[in-house]
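Subject: Structure for your files

Hello,

Here is the structure you were expecting. My notes on what was found in it follow below.

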Amino acid sequence: MRISARADYAVRAALELAAAGDETSLKAEAIAAAQGIPHKFLEGILGDLRRGGLVVSQRGGKGGYRLARPADSIAIADVIRVADGPLVSVRGMRPPELSYCGPAESLLPLWIAVRANVRKILGEVTLAHVAAAKLPDDVLSLTKDPEAWTNP
């Protein structure tokens with residue numbers, strides 16, 4: 001699984017909104033500056049998040065963007081899906097759409113297992129968890145293995 005720049009920026013923008021609180025709107029310029037995201041790129045991402053029902057926007061002097069619902073009800077997976085599509089794909093296809101034969105036949109359950117684990121983690125962790133730096137214990141436990149921090 002690769003996290004695209006678009007998905008990373010979308011999550012970071014959503015985290016800025018989560019940290020601002022339910023009643024505070026932030027302008028795109030402020031989000032872009034705070035997270036070092038190119039403003040024009042962010043505008044497109046915020047539009048997608050708005051169309052996806054994760055953020056709302058308001059025009060005017062006090063306008064800007066805010067989360068459409070509480071941060072504890074928006075999973076990181078929700079943001080990534082809206083910004084970038086399926087969490088796990090193989091050659092641009094979702095695993096259940098694939099078929100293999102011969103010695104590669106067991107690849108399909110492997111890709112399904114990978115997808116299930118990615119969904120479990122990204123679906124469990126909310127914007128509120130990350131914004132408060134309080135990741136769930138089962139997620140944090142995965143980071144305890146020193147191998148998790150190395151690049152093979």
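Helices (H or I, at least four residues) and strands (E, at least two) are DSSP runs, numbered from the N terminus. This is a predicted model, in which local features need pLDDT of at least 70 and side-chain atom pairs count only at pLDDT 80 or more, while totals for chains, interfaces and linings use all residues. Residues are numbered from 1 along each chain as its sequence is written, and side-chain values use heavy atoms, with hydrogens and water left out.

Overall picture

The protein chain has 7 helices and 2 strands, in the order α-α-α-β-β-α-α-α-α from the N terminus. Along the principal axes, its C-alpha atoms fill a box of roughly 65 × 35 × 25 Å. Of its 152 residues, 31% count as buried; buried means under 20% relative accessible area, exposed over 50%, and partly exposed in between (1.4 Å probe, protein chains only). Taking contacts (heavy atoms within 4.5 Å) between residues at least 6 apart in sequence, 54% join residues at least 24 apart.

Helix α2

Helix α2 spans residues 28–35, and A28, I31 and A32 are buried there. They lie on the same side of α2, because they cover an arc of only 100 degrees around the axis; the arc is that of the directions from the helix axis to the C-beta atoms. The cover over the buried residues of α2 includes α1 (5–20), α3 (39–51) and β2 (64–67). Just after α2 comes G36, with a positive phi of about 65 degrees.

The hairpin

Strand β1 (residues 55–58) pairs with β2 in the antiparallel sense, over 4 bridges. Two strands pair if DSSP finds at least two bridges between them. Q58 has G64 in β2 as its bridge partner. The hairpin has 5 residues between the strands, and G60 in this hairpin takes a positive phi near 105 degrees.

A surface patch

V130 belongs to helix α6, residues 127–131. V130 counts as partly exposed because its relative accessibility is 31%. Together with L135 and L140, V130 makes a nonpolar surface patch of about 180 Å². Patches are made of residues with over 30% relative accessible area and no salt bridge, with like charges joined within 9 Å and nonpolar side chains (Val, Leu, Ile, Met, Phe, Trp, Tyr) within 5 Å. A salt bridge is a side-chain nitrogen of Lys or Arg within 4 Å of a carboxyl oxygen of Asp or Glu. Accessible areas come from the Shrake-Rupley method with a 1.4 Å probe; for residues, only the protein chains shown count as cover.

Regards
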